[in-house]
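The sequence and the model are shown first.

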Amino acid sequence: MKEQLKSIEERAKAELEKVSDIKLLEEIRVRFLGKKGEVTAILKQMGGLSAEERPVIGQLANTVRADIEAAIQEKQKQMKAALAEKKLAAETLDVTLPGKAPRAGRPHPLNAVLAEVEEVFLGMGFDIVEGPEVESDYYCFEALNMPKHHPARDTQDTFYINDNVLLRTQTSSVQIRTMEKMKPPIRIISPGRVYRSDAVDATHSPLFHQIEGLVIDKGVTMADLKGTLELLMKRLYGEDTKIRLRPHHFPYTEPSAEVDLMCFNCHGKGCSMCKQEGYVELLGAGMVHPKVLEECGIDPEVYSGFAFGIGLERITMGRYSINDMRLLYENDMRFLEQF
Ligand code: DAH
C-alpha cells in the first residue's frame, strides 16, 4: 500500500505538471481525491490491515491527499493569474484608433441674433431686464393706456387664464414694471416670449419673441430713438444700412412710428423680398406717452423717453434670409446646422 500511495502521488503530480485547462484540473481532483478516487479506494481497504500498519498507512494517505490537494490549488492559482494577464493584454486601450466625434451643439439662430442685439445695447450702457410671461391685464394693457374695450386690444387677442391674468401679448408690459421699480435715468432692453392667438403660417406663430427697449431721462428726443435703432441695425445688417420712420399709432407712445429697414436684399432698389418697396417693416416705436409716465409716477414735465418693440423672429429671418418662420421652431437639424 505504501508503494501504491507513492505511485498515486507521483502520477498525480506528473499530470498536474502537464495540465493547462481548468476543467481538466477538476477532473484530476475527482480521479485522485473524489469519493470514488484512488486515494479514497486505498483508505477503504485499510480495514484489512494490522493494528500496527493502520496508523502508518493512514497518516501516509492523509499526507498524500494533502500534498495533492495543495498541488492542485497551486496550479489553480497559476492558471487564474495567467488568465487574468491574458485578458488584460487583450483589453489594452489602443489610443491610435480613431475616436467617436461628439456632436457639437451651436446656438439657435434666434439666440445667436439675440446675443448680438444684447451686446450692442450693453455697449450703449443698457441693462437687460426680464418680466413674467404670465401677466396681469394691468401691466399688459391697462397701464399702457389701453383700457378694457380699447380697439387696439383686438389685434392682440391672447390666452386668458382668467379675466385679469393672461399670457402677455407684448414685452411692453416690462416698461411698466421697470418704471415702477427704477428711477430715471432708465436704459433697459427686455427680451422674452410673447403669445397671441394667431394661426401658424410663414409669418405667424402663437408664441414668438420680442425685445422691448425703454429709455427715460431728461431731454430724450425722437432723434435719440432714431440714432439708437440705426446703430443697432448697422451692427446687424452692415454699415450701409438705412432705416426709415413712418408715422403710426400706438396707445402708449406719442408720437408713434413704424420703423422700416432698407431691404437687405436689394439695398433699397426694390425686389421680390421687399415687394418692390425697397424697405421692409421692422418694428414699432415712439416717445413714451405722458399718460404712461404719469401712471408710473414719473413727471412728464421733467422727463421724456422713447420705447420700441422689436420682433426677434423678424430680424433673425432678415439676417439669415429665412423665408418661413416655422423653420425656426421645428428643430430640424438639417436646417439648424446651417447657422
Ligand atoms: N408692443 C408693440 C407690438 O407688440 C410694439 C411696440 C410699439 C413696442 C411701440 C413699443 C413701442 O415699445 O413704443 O406690436
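**Overall arrangement**

The coordinates are those of a predicted model. The domain assignment divides the protein chain into domain 1, covering 2–90, and domain 2, covering 109–336. Between the C-alpha centres of domain 1 and domain 2 the distance is 92 Å.

His 108 is placed in the loop that runs between α4 (53–90) and α5 (109–123). With a relative accessible area of 19%, His 108 is buried, because the cut-off for that class is under 20%. Apart from neighbours within four places in sequence, His 108 is in contact with Leu 328 and Leu 336.

**The ligand site**

Around the ligand there are 16 residues, of which Gln 170, Arg 196, Gln 210, Glu 212 and Tyr 252 come nearest.

| Residue | Protein atom | Ligand atom | Distance |
|---|---|---|---|
| Gln 210 | polar side-chain atom | oxygen | 2.8 Å |
| Ser 172 | side-chain N or O | nitrogen | 3.0 Å |
| Phe 308 | backbone N or O | oxygen | 3.3 Å |

On its own, the ligand has 360 Å² of accessible area, and the protein covers 91% of this. Two or more residues of the shell are given by each of the elements β5 (207–217), β8 (279–288) and β9 (304–311).

**Helix α10**

Helix α10 comprises residues 312–320, and its buried residues are Leu 312, Glu 313, Ile 315, Thr 316, Met 317 and Gly 318. These buried residues pack against α5, β5, α8 (222–237), β8 and β9. After α10 comes Ser 321, with a positive phi near 50°.

**Ile 188 in strand β4**

How accessible is Ile 188, buried or exposed? Ile 188 belongs to strand β4, residues 186–195, and is buried, with a relative accessible area of 0%. When residues up to four places away in sequence are not counted, Ile 188 touches Phe 126, Asp 127, Val 129, Thr 178, Met 182, Glu 212, Gly 213 and Leu 214. One of these, Glu 212, is also among the residues that come nearest to the ligand. Ile 188 and Phe 121 lie 67 residues apart in sequence, yet their C-alpha atoms are 8.3 Å apart in space.

Strand β7 contains Thr 253, which is buried at a relative accessible area of 2%. The side chains of Thr 253 and Ser 256 make a polar contact of 2.6 Å. Leaving out residues up to four places away in sequence, Thr 253 touches Ala 285, Gly 286, Met 287, Val 288 and His 289.

Cys 274 occupies the loop between β7 (253–262) and β8. At 3% relative accessibility, Cys 274 likewise counts as buried. With residues up to four places away not counted, Cys 274 touches Cys 263, Cys 266, Tyr 279 and Val 280. The C-alpha atoms of Cys 274 and Leu 261 are separated by 9.9 Å, the two residues being 13 apart along the chain.

Definitions and conventions. Residues are numbered from 1 along each chain as its sequence is written. This is a predicted model: local features need pLDDT of at least 70, side-chain atom pairs count only at pLDDT 80 or more; totals for chains, interfaces and linings use all residues. Side-chain values use heavy atoms; hydrogens and water are left out. A residue is near a molecule or strand if one of its heavy atoms lies within 4 Å of it. A polar contact is a pair of N or O atoms within 3.5 Å; within protein, one must be able to donate a hydrogen and the other to accept it, and residues adjacent in sequence count only if both atoms are side-chain atoms. Accessible areas come from the Shrake-Rupley method with a 1.4 Å probe; for residues, only the protein chains shown count as cover. Helices (H or I, at least four residues) and strands (E, at least two) are DSSP runs, numbered from the N terminus. Buried means under 20% relative accessible area, exposed over 50%, partly exposed in between (1.4 Å probe, protein chains only). Contact means heavy atoms within 4.5 Å. Domain bounds come from an automatic or database domain assignment.
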